[in-house]
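I record what I looked up, entry by entry.

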Amino acid sequence: MSEPTVSEATDSIYASLQSNNADIDVHIATLKAALIREGMKEAVFDPTRLAQNNRSGRKLMQAYFRQRGVSVKCSA
């Protein structure tokens with residue numbers, strides 16, 4: 001079984017966010033590992049796919065991910 005890509009890990013996080021954050025910490029760890037493998041510094045999320053698509057929701061998400069070692073930005 002191959003390791004998930006950043007895109008696959010990001011899709012898992014979108015699904016988790018829609019499922020009331022089920023297993024979010026596991027998905028963040030998977031994303032962090034995928035970012036390291038692919039040599040990327042941050043994950044990019046589409047704000048329209050987030051559960052709370054407002055500034056405070058995005059900032060809360062960024063802070064939560066940053067505490068777990070993942071830099072996040074939302075594409076415009």
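Entry 1, T48. I looked up the polar contacts of the T48 side chain in this predicted model and found one with the side chain of D46, at 2.8 Å. I then located T48 in the chain: the residue sits in the loop between β1 and α3. I checked its accessibility as well; T48 has a relative accessible area of 60% and is exposed, because that value is over the 50% cut-off.

How many salt bridges does a search of the whole structure find? I noted 4 from that search.

I found a salt bridge between the side chains of E42 and K73, with an N to O distance of 3.9 Å. I note that this value counts because the cut-off is within 4 Å. The two residues belong to distant parts of the chain: E42 is in strand β1 (residues 42-45) and K73 is in strand β2, 31 residues apart. I recorded E42 as partly exposed at 29%, and K73 as partly exposed at 39%.

Which parts of the chain does the pair tie together? I placed R68 in the loop between α3 (55-67) and β2 (71-74), and D25 in helix α2, so the pair ties together parts 43 residues apart in sequence. For R68 I noted a relative accessibility of 29%, which is partly exposed. For D25 I noted a relative accessible area of 40%, also partly exposed.

I traced R37 to helix α2 (residues 24-38) and E3 to the segment before α1 (6-18); the pair links distant parts of the chain, 34 residues apart. Is E3 buried or exposed? I recorded E3 as exposed, with a relative accessible area of 52%; this follows because exposed means over 50%. I recorded R37 as partly exposed, at 42% relative accessibility.

Note on methods:
Residues are numbered from 1 along each chain as its sequence is written. This is a predicted model: local features need pLDDT of at least 70, side-chain atom pairs count only at pLDDT 80 or more; totals for chains, interfaces and linings use all residues. Side-chain values use heavy atoms; hydrogens and water are left out. Helices (H or I, at least four residues) and strands (E, at least two) are DSSP runs, numbered from the N terminus. Buried means under 20% relative accessible area, exposed over 50%, partly exposed in between (1.4 Å probe, protein chains only). A polar contact is a pair of N or O atoms within 3.5 Å; within protein, one must be able to donate a hydrogen and the other to accept it, and residues adjacent in sequence count only if both atoms are side-chain atoms.
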